[in-house]
Amino acid sequence: MKIKDIYETMEYGPAPESTIEAQAFLESHNRKFQLFINGNWTESSSGKYFDSINPATTEKLAKISEASTNDVDAAVVAAKEALPKWVGIGAHKRARYLYAIARQIQKHSRLFAVLESLDNGKPIRETRDIDVPLVARHFYHHAGWAQLRDTELKEYKEIGVIGQIIPWNFPLLMLAWKIAPALAMGNTVVLKPAEFTSLTALLFADICEQIGLPKGVVNIITGHGPVGAALVNHKDVNKIAFTGSTEVGKIIRRATAGTGKKISLELGGKSPFIVFDDADLDSVVEGIVDAIWFNQGQVCCAGSRLLVQESIADTLYKKIRKRMESLRIGNSLDKVIDIGAIVAPVQLKVIEDLVQQGVDEGSTLWQPSWECPKEGYFYPPTLFTDVSPSSTIAQVEIFGPVLVAMSFRTHKEAVKLANNTQYGLACSIWTENINLALDIAPQIKAGTAWINCTNVFDAASGFGGYRESGFGREGGKEGLYEYVKPRIDELFSKTPVLKALKKSKVDAAKSLSKLAEIDRTTKLYVGGKQARPDGGYSNVVHSRNGDYIGEVSIGNRKDIRNAVEAAHANTDWPSRTGHSRAQVLYYIAENLSIRKEEFANRINEMMNCGKADADKEVEESIERIYYYAALADKYDGLVHHTVHRNVTLAMPESIGVMGIVCPDESPLLGFISTVIPAITMGNSVVVIPSETAPFSATDFYQILDTSDVPSGTVNIVTGTKKELATVLAKHDDVDGIWYFGNQEIFKEIEYFAADNMKRTWGNAGTYRDWMDKAQGQGDIFLRHASQIKNIWIPYGE
Amino acid sequence: MTMKSKKVKNNNTIQHSNLSDLRNEGIPFDSHIFEDIHINKSAVERRVESLGGRRSVKKEWQAAWLLKAISCIDLTTLSGDDTKGNVHRLCAKAKSPVRLDLLDAMGMKEANIHVAAVCVYHNLIADAVNALGNSSIPIAAVSTGFPAGNIPLEEKLKEIELSVAAGAKEIDIVVSRNLIIQSDWKGLYDEVSACRKACGEAHMKTILATGEIGTYTKVAKASWVSMMAGSDFIKTSTGKEPVNATLPVSLVMIRAIRAYYELTGYKVGFKPAGGIGKAKQAISWLILIKEELGNDWLTPELFRFGASSLLGDIERQLEHFVTGRYSASYRHPMA
C-alpha cells in the first residue's frame, strides 16, 4: 500500500504478531509431542497421534499423543507415588515451586500467548492482555495460599491425586485454575487438556521441568474423551475437577456417584446480560462486546442472553448493530482484530445449526455487512431480536458469537427472565442506580454477578455456578476447599455410631394396649401444618429391643411433592437477616429445653440407650442449636482483593430448597445437626427423619409450631428412606440434598441428583459420631448449606 | 477551514448524508435532551484500555497516520514570553512541518502536508498573519480570558471581536467553569451562544477545561450544552489545567458528539489539547476517533490536536520509518 493512499483512506493495515519463537518451541519437540508422565516425555503406549490445527488457517501445528488406558494408569501411579514426598516437603517449599512457576510463565509470557493464539484461534490481544496475565496471577495468588495452608486451613489436609479435565476455550487459564490450587494444597495432579488445544499445557510441562518441579507432581496426558473417562473412573484418583459441558459434567457426576470421590464441575451457561433504562448505553455496548464477542463467544459465562428494559430496547439494538459493523475478524495473530477463529469445524457446525434453528423459529437475525475470511473457521458476530424465552436459542448454550435479545417491562420481570434457565453461572447488570444493582444481584441465581462490567476475573475471587452450571468454586479462599478434605473425616466410623444398648424398662409385650392413653398420631409436617400421608398408610415402629412404640405415617412421592412446594412457598425465611434467624433458633432451643424430659424419654424409648445417654443427646442438641444460632449472624462473606477500584463481595447465599435425609442413629441430635445448619443459612428443607426412630423428629414439629418458625421452613416426611430419598433426589425443584446413611442409597441419590445438578453431601459409607462436636458440627455444615456468589462492583465517578 | 455555513431545518429526522458539510448552528436549549445522561467511569476507562490492545498501525500505515496527525495539529504557542520572533518560527514550521527529503521518501512531496492551524494569543495574531502570508493555514486565537475565563461576558465578547478583526479565523474560547460546576446549564448555553454570535464566520472551539469539571457525567452534559449553543468544536483543555486531555475524557466527549450528530445531523469537531507530546499518543487518539466517530472525523475539519511538542516527536518517528534508524530531535528544523 502506498502511504498516499492510506493517508486518504485511513484504513488499518495488518499488524501480525511474530510466531518465530512459538514455531521454534514446536520444532524443539519435532512437532510431535509425547505424554508428560512422572517428569519424563513418554511415548504413548497406543502409538497413536492426532493433529493439532490452527483454526484460523487450518494449518497443522503438531502431532499430539493419544494416551491409552495404560498411560492414564501410569500417570496416576506417578502422581500417587509423588504424593508423600510432595506433602512431606511442606507448605513453604510448595509455595516456592508455585512462585517459580508464576515467574517462569511471566518470563515466557509472549511465547505462551502466541502459542495459545495459534492453537485456539483466539485473538493475540486476549491471550497477551487477558489470559496469560491471569495465569501468572493465579499462580502467584496460590503460591501465597500454599504458604498459608497450614495456618489458614489447619483443620484440612490434601485430598491426594487429582484428575483434571479442561476445555479448549481457555486452555492455559483453565490449566492454571486447576493446577495452582491443587498443588498449593499439597495434591499431585494428572491433567488432560482438550484435544483441540493441548499445546500450551505441553509448554507448561516444559516449564515444570525447567523449574525442577519434583517428578510426578504434575502429569499431562493428551487425547480424546476416553482418556478423560479413564481418569474419572480410575480408583486411585481421589478427586475430579472438570470444566466443560453440562452434558459431560452429568456423566462425571453419575460415574462418581456414591464413591466419595470429590468432584468440582464448572459447566455451561446462558448468562443474562441485563440492561436497565438508566444505564450508560454506550458503555453497555462495549460491555456486550466484552460479553459475547470475547473469545468468539466461546466462554462458559458469556453474556449471551441480552435482557433490555423495553423503553430503551430499540435504541440499544441500533447501537449494537452499529458497533457490530466496526468489529474486525481475522487471523488470531493479527493485532488489529476483535474476533478470531472458532476452535474447530465441529463447533462451527453447532453454531451454524443453532443459528439456523433461530431463524427457522422466527427470530430476526442480524449480522454485519462485512464478510469473514474464507480460509479458517470463522463465524460473524450475530444478533437475534424477536426472541422469546421459548425459543431454542434463548435456552440452549450456543458457545459462539451469537447474542439473543429480549426485552422486559419491570424489574421483577427482568429477574424472572434472567432466572428462566437451567444454568446459573454468571450475570451482568447494567444500571447507574446502586440501589437497583444491589437489589437485583442477589436475586439472580448465578455464581457471579458483574455490575456495570462483565467477564472480569481475578485469582482472589471464586468463580463457579449455581444450578446446572455446576458446583464448586475456583479462585479465592472459597476455591481452596475443593482441594482439601477435613482431617476429622479420617475419624469417621465404618459403621453407624450407636449408644450401648440397655434393657428396656417397658413391658415388651405392651403394644396396642397403649391406646389406653389418649392416642397420639404422628403425621407429616408440611407447610407448617400437620398433614395426613397421601397414601393413608402407617408403619409400626419398634425400639431397638423390639418393643412396640407407635405408628408413623408412610409418606409417598406426592407427600414429597407437597413438601417441596410448601418449602418453595416460604419466602419469609430466606429473606430474613442473620440476627432474625438466630432469634428463632434460640427460641427453638428454649422450647426444646422446656420439653427436654419428654424428648429424652422418647429417645430412650426408641434407642434403649438408657435415660442418662438420652439426656446427654438432648443437652447436646440444645447446645448445637445454640452453636448455629450463634453463627447465624457471623458466618458471613468476604470482600476480596481483586482488580483496581472494584469491591468484590463474596456472599454466602442459601442453596434454596434442600432435602435432608437424617441419620438413623441419633434420632434427635442427628435431626438437629443436619436440619439446623441448613436452615441457619436460609434454606427451606424437606426432612426425611430417621426411618427406624422417627419420633424425635415428629415430636419436634410442635416445637417448630411454637417457635415462630415460618411455615414451610422445615417440612417433615416420614416413611421409607430409600423411596423418599430417591424421589427427593429426582425432584428438579430441589436444589441440594444431604444424605447421612449407607453408601448404597447415597450412590443412588448422587446418581439421580445429576439430572438437575443438585448439590449433594454425605459421608459416602462412613458415619459421624454426632455426639462428638468435632464430627457433628462445624462451619463445614454451613458451607455445604450455602454457595458463594461473587458480586463485582466497580466504582468511581 | 472549508466548512460553509448554511441554514438547516432542525427536525430530528434529518437525512445525515446530505448534511455532512453543514456548520453547526446549534439548537434551542432543551435540558431534557441531556439531563438523564449517566457516564460510567469504570466502563469508559475499560473501553479505552482495551482499545489500546485491539488496534494498532504499523509500517506504511503508521507513517500515513502520523502524517494525518500532523495535518490535524493546531501548532500552538501560548506562553507569556511569546514574541514576534518565535511566532515567525512557528508559522514557518506550520507551513513546512516535515523535512522534504522525508516526504519525498514517503512519496508525499506533492501532498501539501501542513498543520491545520497556528494557535496563539490575541496579541500575536498580527505577527502570525504576517508570517503566514498567503498560506491557507488559518490562525486560531485563544480568547475570552484564556485560560481561566473569569472575566465579564462583555469583555469576552469584545476580545472575540478584536481577534476576529485582527485576522483570526478560529477562536478557542474558555467557558466559565463555575457555570458547569453549579450545573447552570442555561447560563452556559447563553454564554456559549453569545460567543458564537460574536465569532461570526470564524469557527469556534469551546474549551471545557475537563480537568476542572470533576465528573464524566458533567463533561458529557457540558459537551451537549456547548454543542447546542453552536460550537464548531468542543475542546478538552487549555493545556494549563493540572490534568489536560486524557483518552477517557475524550471518549466521553466524542460519544456526545456522535449522539448530537445522530439527533441533529450536525457534525461537531473535537480537539484534545494539553499533554499530547508523543507520536504514539497521537495514534491512540486517531484510533479512538476512527472507532467511535468513523473516518469522516479524521480530517482537520473535524479533528485537531492542540499541541506544541507533538510535531517534533512525529518527525523523528517518520525519519525512523524512512531510514530504519532512530532519530534525534536536532536533525529536524525547530519551530
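**Core.** I looked up the largest nonpolar core first: it has 367 residues, and A:Leu98, A:Ile274, B:Ile73, B:Val118 and B:Ala282 touch the most other members. A nonpolar core here is a set of buried Ala, Val, Leu, Ile, Met, Phe, Trp, Tyr and Cys residues joined through C-beta atoms within 7 Å; buried is 20 or more other C-beta atoms within 10 Å of a residue's own, with C-beta atoms placed from the backbone.

**Ground rules.** I noted that this is a predicted model, where local features need pLDDT of at least 70, side-chain atom pairs count only at pLDDT 80 or more, and totals for chains, interfaces and linings use all residues. Residues are numbered from 1 along each chain as its sequence is written, while chains are lettered from A and ligands numbered from 1 in the order in which they are written.

**B:Ile73.** Skipping residues up to four places away in sequence, I found B:Ile73 touching B:Val115, B:Ala116, B:Phe305, B:Ala307, B:Leu310 and B:Leu311. Contact means C-beta atoms, placed from the backbone, within 7 Å.

**Where the chains meet.** I checked the interface next: 32 residues of chain B are in contact with 29 residues of chain A. On the chain B side, helix 1 (41-54), helix 2 (59-71) and helix 11 (279-292) each give two or more residues. Helix 1 of chain B gives the most, with eight residues. Helices are DSSP runs (H or I, at least four residues), numbered from the N terminus.

Technical notes:
A residue is buried if 20 or more other C-beta atoms lie within 10 Å of its own, exposed if 12 or fewer, and partly exposed in between; C-beta atoms are placed from the backbone. Two residues are in contact if their C-beta atoms, placed from the backbone, lie within 7 Å.
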